[in-house]
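Here is a friendly briefing to read alongside the structure. Take a moment to bring it up in your viewer, and then we can go through the contacts together.

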2 protein chains.
Amino acid sequence: MPEPATREGVTPSDPERAAALELVHLLRDAALKLELAIAEFARTTGLHSTDVRALVSLLDAERAGVEATPTWLAQRLGMTSQATTAVIHRLEGAGHVQRLGSRTDGRSARLQVSDSAVELGWQFFGPLLDRMIAATQALDKQQQAGARAYLEAVTEALG
Amino acid sequence: MPEPATREGVTPSDPERAAALELVHLLRDAALKLELAIAEFARTTGLHSTDVRALVSLLDAERAGVEATPTWLAQRLGMTSQATTAVIHRLEGAGHVQRLGSRTDGRSARLQVSDSAVELGWQFFGPLLDRMIAATQALDKQQQAGARAYLEAVTEALG
DNA sequence: CGAGAATAACTCACTCAGTGAGGTAAATTG
DNA sequence: CAATTTACCTCACTGAGTGAGTTATTCTCG
């Protein structure tokens with residue numbers, strides 16, 4: 001293996017820091033691959049990447065018991081409310097989400113992912129998820145606990 | 001904390017699988033936050049998210065000692081070659097990359113990130129990276145090793 | 001070697017996702 | 001109960017990304 005042509009100054013030779021940096025690179029690589037999987041799902045279903053990311057976020061909200069509103073979704077996606085309105089209309093037109101009026105706030109809306117969208121996502125992401133879960137379960141409990149501690153710490157640092 | 005309103009059938013009650021699923025969710029959350037950080041960097045620098053992702057990929061290539069060509073970048077970003085050409089032209093115009101002719105293939109080009117772009121990225125991502133590294137170093141060696149094993153296994157499963 | 005296929009990168013015309021400006025209706029405030 | 005804020009929306013526009021097609025270089029193999 002050839003010595004990588006590293007740029008001066010970027011990687012000070014501190015072995016502990018280098019190990020931590022390597023974990024960051026691994027994390028970024030995993031994030032990139034997740035993003036590519038989403039893009040591929042979008043292509044095969046005729047949706048757009050943003051639409052898929054929105055669906056995923058809506059399912060996250062459902063799982064966490066949070067009421068998903070258009071404004072909440074806009075913040076989560078880092079987009080303007082107008083763009084989010086367009087996303088919701090696209091998803092609504094495709095029958096992937098339903099817009100239910102909020103019972104507590106007449107201005108707001110409650111977004112619910114349809115069963116068909118869940119089914120569709122399951123067909124595509126199911127095998128991928130199974131591979132990820134199998135890879136995880138191949139590790140011992142201690143490794144899994146370490147991974148969990150790392151992900152929690154890093155997510156906190158990213159917040 | 002209220003009991004989350006989980007959808008039927010999505011989460012079969014297998015504690016080992018549930019633990020693995022939770023790691024997947026943590027990973028996705030971290031990936032989402034990385035993406036938002038990139039989007040914010042893009043906004044503050046007047047670039048676009050794609051441009052930033054391209055820069056990051058080019059730096060990855062440099063670090064790994066891989067020759068970065070437009071085609072390589074297109075595959076890495078999951079985009080067409082035309083869109084990638086546009087990205088490169090934008091970055092070239094902003095002085096963030098240089099296009100050097102490949103010495104082995106007259107058709108191809110070698111992309112190199114300029115020092116100014118590295119400096120710019122360092123200013124923005126430096127503090128974030130420092131927080132991530134500090135969070136990592138707060139863990140003990142065993143946890144870090146577990147995190148590394150997990151990320152490597154999961155990246156493999158995503159490939 | 002040299003014709004044909006494959007590959008790397010590009011230009012052009014077009015589409016439509018996302019933004020800025022601005023509007024309506026419901027909730028909150030003093 | 002007017003004034004303000006909040007939630008969501010429509011409209012007009014910009015420009016990132018795509019499909020079609022081009023040029024130039026490299027590879028393949030009779």
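How many residues of chain A are in contact with chain B, and how many of chain B with chain A? In this predicted model, 56 residues of chain A are in contact with 56 residues of chain B.

**The side of chain A that touches chain B**
- Two or more residues each come from α1 (15–45), α2 (49–64), α5 (115–137) and α6 of chain A.
- The most is given by α1(A), with 18 residues.
- By residue class, this side of chain A divides into 33 nonpolar, eleven polar and twelve charged residues.

**Helix α6(A) against helix α5(B)**
- The axes of α6 (residues 141–158) of chain A and α5 (residues 115–137) of chain B come within 9 Å and cross at roughly 150°.
- Because angles over 145 degrees count as roughly antiparallel, α6(A) is roughly antiparallel to α5(B).
- The crossing of α6(A) past α5(B) is right-handed.
- On the α6(A) side, A:Tyr150, A:Ala153, A:Val154, A:Glu156 and A:Ala157 meet B:Arg131, B:Met132, B:Ala135 and B:Thr136 of α5(B).
- Six of the residues in this contact of α6(A) with α5(B) are nonpolar, one is polar and two are charged.

**Around DNA strand C**
- There are 21 residues around DNA strand C, of which A:Thr50, A:Ala83, A:Gly106, B:Thr69 and B:Thr71 come nearest.
- The elements giving two or more residues to this surface are α4 (81–93) of chain A, along with α3 (70–77) and α4 (81–93) of chain B.
- The surface near DNA strand C divides into seven nonpolar, eleven polar and three charged residues.

Terms used:
Residues numbered from 1 in each chain as written. Chains lettered and ligands numbered in written order. Predicted model: local features only at pLDDT ≥ 70, side-chain atom pairs only at ≥ 80, totals over all residues. Axes fitted to C-alpha atoms, helices over the stretch in contact; angles between N-to-C directions. Helix = DSSP H or I, 4+ residues; strand = E, 2+ residues; numbered from the N terminus. Parallel < 35°, antiparallel > 145°, perpendicular 65-115°, else oblique. Left-handed = near helix turned anticlockwise from the far one by under 90°. Contact = placed C-beta atoms within 7 Å. Nonpolar A, V, L, I, M, F, W, Y, C, P; charged D, E, K, R; others polar. Near = placed C-beta within 6 Å.
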